[in-house]
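Hi,

Here is the structure I promised to pass on.

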Amino acid sequence: QLDLESFASYRKLIETVNAIDAEPLHLQSPVASTSTAPSPASASKQRKRVLVDSPPPLTIGSEYTNRAIEQLQLSIKKAISESSLRSAEEEARRLEIEALHKRLDTLELTRIRGDDEEVKTLLEKVLEEEKQKQQKKVVVEVKPLDSEMEAYYKELMYSPGRSGGEVLSQLKNLRFCVKDMLSLGPGKWLTDENINFYMGLLNKRAQRMIKEGRGPRCYFTNTFFYNKLYKGTHKYNYSGVKNWTKPVKIGVSTVECDKIIVPIHQQVHWCCAVVDISRQELTYFDSMAGADEMVLESLAKWIQDEFLHKAGKEVDASGWKRIYNPRGQTPQQENGYDCGVFAVKFAEYSGLDAQMDFSQDDMPLFRKQMVVQLAAVDLDVVA
């Protein structure tokens, strides 16, 4: 029988598409239609542009409509994202050009003053930045779980009689419960707790790497950071987060880091932003090609205030390069539920300065790895 609730949602999505499309899609009614069949020519044209086939009357169930709804949601979001991305890229190019002009003006004025040492220092800085940009990225090897970890995964996921609130592991004040573990199963949305726990593990590894003098010096914020900085009130609010990043609290000084990595929650979608202090860049990663300019603008203001508050140093991030979904470095999702996994991998790979060569095909394995890693409180347990 027809799932009327799903069909109603599907109809609403069709209406949404129609509102932004000059040639509306056609929704087939659940009752018999009395309209005449379209001509072969118009039918052919319609087939070419319909994003999701209209459901046949009276024979579909909730499984078909849920798939159709998910596909339509993806299509709508991608269409809107592509438009916002173009706008963001144009603004980023404008800011980059302004920054280059400013740098050239500074260099020319210094040359005119005859300050050869300062000219040399400025040129060396430019060359060092270019060298950093061209450095070969780390390659992360993705390996399946070994037999021991596979058995551990199955024991965790399929042990009966557990309550959702049962705590499986803990990292400081973060808890990994059964309900969080189950959200890492196939086709599920990740919980905030999963992502915060994973950020905690990334910080644990980053601090170890800093002590060993390996890789970029990184700090990973939790999922509440950006919401407190801007998203919750839609007003920039440095005072709301200035005490969140005290070195004594987070174990590292943000103003001595190369990168600050921030998970971003966009209502029902996860993204990731990176403040690259060493390269003077701000990057936004979205597995659905979206671009939220306010995220990078807010983080640009934040890093300026952070340096002023924590180091008494004035930093001008207005001319830092803004990058949205760098080409060849932003794998894209092909469903409506893996954005959380993509976001944590954007964060992890950015923290390692690694080549983002994972894809949708890796998501089932990444989910299994995360179950084991969070339960064992160890990222390297799957290495």
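Which residues of S6 point one way, and which the other way? Glu281, Thr283 and Phe285 lie on one side of S6, Leu282 and Tyr284 lie on the other, and all are buried. Buried here means under 20% relative accessible area, with exposed over 50% and partly exposed in between (1.4 Å probe, protein chains only).

Before you go further, please note that this is a predicted model, in which local features need pLDDT of at least 70 and side-chain atom pairs count only at pLDDT 80 or more, while totals for chains, interfaces and linings use all residues. Residues are numbered from 1 along each chain as its sequence is written, and side-chain values use heavy atoms, with hydrogens and water left out.

The strands

Helices (H or I, at least four residues) and strands (E, at least two) are DSSP runs, numbered from the N terminus. Two strands pair if DSSP finds at least two bridges between them.

Strand S5 (270-276) has seven of its seven residues buried. On one side of S5 are Trp270, Cys272, Val274 and Asp276, and on the other Cys271, Ala273 and Val275. In a regular strand the side chains alternate between the two faces of the sheet.

S5 has two antiparallel partners. Strand S4 (residues 259-265) is joined to S5 by seven bridges and runs antiparallel to it, with histidine 265 opposite tryptophan 270. Their hairpin has four residues between the strands, and glutamine 267 there takes a positive phi near 60 degrees. Strand S6 (residues 281-285) pairs with S5 over five bridges, also in the antiparallel sense. Here valine 275 has leucine 282 as its bridge partner, and valine 274 stands opposite threonine 283. This hairpin has four residues between its strands too, and glutamine 280 in the turn has a positive phi of about 55 degrees.

S6 also pairs with strand S7 (residues 321-324), through four bridges and in parallel. Threonine 283 has isoleucine 323 of S7 as its bridge partner.

The cores

A nonpolar core is a set of buried Ala, Val, Leu, Ile, Met, Phe, Trp, Tyr and Cys residues joined through side-chain atoms within 4.5 Å. The largest one has 46 residues, and Phe220 and Phe358 have the most contacts inside it. Elements that each supply at least two of its residues include H5 (147-158), S5, H11 (339-351) and H12 (363-376). H11 gives the most, with eight residues. A second, separate core of 33 residues includes Tyr226, Leu229, Ala291 and Phe307.

Leaving out residues up to four places away in sequence, phenylalanine 358 touches Pro331, Phe342, Lys345, Phe346, Tyr349, Met363 and Phe366; contact means heavy atoms within 4.5 Å.

A helix pair

H5 and H12 pack at an angle of about 80 degrees, with their axes 10 Å apart. That makes H5 roughly perpendicular to H12, a label for angles of 65 to 115 degrees. Axes are lines fitted to C-alpha atoms over the stretch in contact, and angles run from 0 to 180 degrees between N-to-C directions. Among the H5 residues that meet H12 are Met149, Tyr152 and Leu156, and their partners include Lys368, Val371 and Ala375.

Best wishes

Terms used
Angles under 35 degrees count as roughly parallel, over 145 as roughly antiparallel, 65 to 115 as roughly perpendicular and the rest as oblique.
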